[in-house]
Amino acid sequence: MKIAAADVVVTSPDRNFVTLRITTEDGITGLGDATLNGRELAVVAYLREHVVPLLVGADASRIEDMWQFLYRGAYWRRGPVTMASIASVDMALWDIKGKAAGMPVYQLLGGASREGLLAYGHASGKSTEELFESVRDHLEQGYRAIRVQTGVPGLRSIYGIASNTTSGGNAGVRYDHEPAQRGARPAEEDWDTRAYLRHVPAVFEAVRNEFGPELPLLHDAHHRLTPIQAASLGRSLEPYDLFWLEDVTPAENQEALRLVRQHTTTPLAIGEVFNSVWDYQHVIREQLIDYVRSAVTHTGGITHLRKVLDYAAMYQVKSGMHGPTDVSPVGMAAAMHLALSIHNFGIQEYMKHGARTDAVFRQSFTFEGGLLHPGDAPGLGVELDADEAGRHPYEQAYLPYNRLADGTVHDW
Ligand SMILES: [Mg+2]
């Protein structure tokens, strides 16, 4: 099963996506997601200049061997650009293997460990009333777990609030949360940690009072707190029984979570900016986290993330794979196949893509009764419509950044 061709498709239906398409000599096509939000073209260059020339003529059936060749063979290991590139090759080869076998990828990974994947959606509001409306809307859409993000009095704009609408040809479409904005410069947001810490517990109290004790609630602090601030937040949220508190401290410093853990029993999730098992070495072994937030797309693909999750399983740490709209439908499908097959599944983040994106990427997964399922089409179950993709050329877009009131740049 030799690889005859590989090409990189860049398309921007509702936002930018980078997709690797591998075709075998007998005409089987596999897709891999290589989307790195705000730095998309770095991965395109890595793939086109350094990876695609190595793929042509290689054996598409040797997935593990290809992974090791691209990882160890580069010598310069890890990093989001490298690992997203390798991830896209890995996903495409799993897609091809599934199509060749006539099976969905989750069957190749050992078969289903559950009926479906509990998914959480993103509710948000600048005010409590707006937030309640957003929670109700998500419950009506079928979500059975909800991430709650709130505005903070005195701050103009804040991570996670659905104030953004898309620009350009798709103007006005509301996303639950799509922070990357098209344009030549990133948007500037403001931040005040003390105001945030004062406000958030009252919001969770209000949400619990309105929606009751059973609904799983999640919250993302987006890497903005010091360890002692994070410990304080975790403790102040304990009465509201969070499913998890995410990304409390900047993720580079694994040891920061030790202090947080000493002070709170609120479950912790981290890892959406991690890209290899080494980023998790201490936080898993020392049981400093409860959920692994990696995306298949940013963590070396199904092959590598499965190893991370198997390692996590030994410490009762579960999956909570990254799944906002900056993961393409191909990356989402890969996450669903992996999540369905592993034993230590926790929850799956799921933001619906826009209609334009769904027209480019034809998908066979389902979302029913709050549960995702990847479907039973052979491979990953996603097909790329090249004509539709060609109608939406790349547009420069950046994630925002933060400044404090005195002008200091803060973690976004
Ligand atoms: Mg996060």
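User: Which order do the strands take in the open sheet of three strands with antiparallel pairing?

Analyst: In this predicted model, the order is E1-E2-E3.

User: What makes E1 and E3 the edge strands of that sheet?

Analyst: Strand E1 and strand E3 (29–33) each pair on one side only. The twist from one strand to the next averages 20°.

User: Why is E2 called largely enclosed by the rest of the structure?

Analyst: A residue is buried if 20 or more other C-beta atoms lie within 10 Å of its own. Seven of the eight residues of E2 are buried, so E2 is described as largely enclosed.

User: Which helix lies across E2 and E3, and at what angle to E3 does it run?

Analyst: Helix H11 (residues 329–341) lies across E2 and E3, and runs at about 95° to E3.

User: Is Asn16 buried or exposed, and how do you know?

Analyst: Asn16 has 26 C-beta neighbours inside 10 Å. The cut-off for a buried residue is 20 or more, so Asn16 counts as buried. Asn16 sits in the loop between strand E1 (3–11) and strand E2 (17–24). Leaving aside residues up to four places away in sequence, Asn16 touches Val10, Thr35, Glu40, Tyr394, Glu395 and Ala397. Asn16 and Asp95 are 79 residues apart in sequence, and their C-alpha atoms are 22 Å apart in space.

User: And Glu255, is it buried or exposed?

Analyst: Glu255 has 12 C-beta neighbours inside 10 Å. A residue with 12 or fewer is exposed, so Glu255 counts as exposed. Its place is the loop between strand E9 (244–246) and helix H8 (256–263). Glu255 and Thr297 are 42 residues apart along the chain, and 25 Å separates their C-alpha atoms.

User: At what angle do helix H2 and helix H10 pack, and how far apart are their axes?

Analyst: Helix H2 (residues 63–73) and helix H10 (residues 301–313) pack at an angle of about 90°, and their axes are 9 Å apart. Angles of 65 to 115 degrees count as roughly perpendicular, so H2 is roughly perpendicular to H10. On the H2 side the contact is made by Ile63, Glu64 and Trp67, and on the H10 side by Gly301, Thr303 and His304. By class, this contact has two nonpolar, three polar and one charged residues.

User: Which residues of H2 and H3 meet?

Analyst: From H2 come Ile63, Met66, Trp67, Leu70 and Tyr71, which meet Ile86, Val89, Asp90, Leu93, Trp94 and Lys97 of H3. By class, nine are nonpolar, none is polar and two are charged.

User: What is the strand order of the open sheet with mixed pairing?

Analyst: That sheet of three strands has the order E7-E19-E20. Its edge strands are strand E7 (188–190) and strand E20 (409–410), each pairing on one side only.

User: How do you know that E19 and E20 pair?

Analyst: Strand E19 (residues 401–403) and E20 are paired in the antiparallel sense over two bridges. The condition is at least two bridges, so E19 and E20 meet it. Asn402 has His410 in E20 as its bridge partner.

Key: Residues numbered from 1 in each chain as written. Predicted model: local features only at pLDDT ≥ 70, side-chain atom pairs only at ≥ 80, totals over all residues. Axes fitted to C-alpha atoms, helices over the stretch in contact; angles between N-to-C directions. Helix = DSSP H or I, 4+ residues; strand = E, 2+ residues; numbered from the N terminus. Parallel < 35°, antiparallel > 145°, perpendicular 65-115°, else oblique. Contact = placed C-beta atoms within 7 Å. Nonpolar A, V, L, I, M, F, W, Y, C, P; charged D, E, K, R; others polar.
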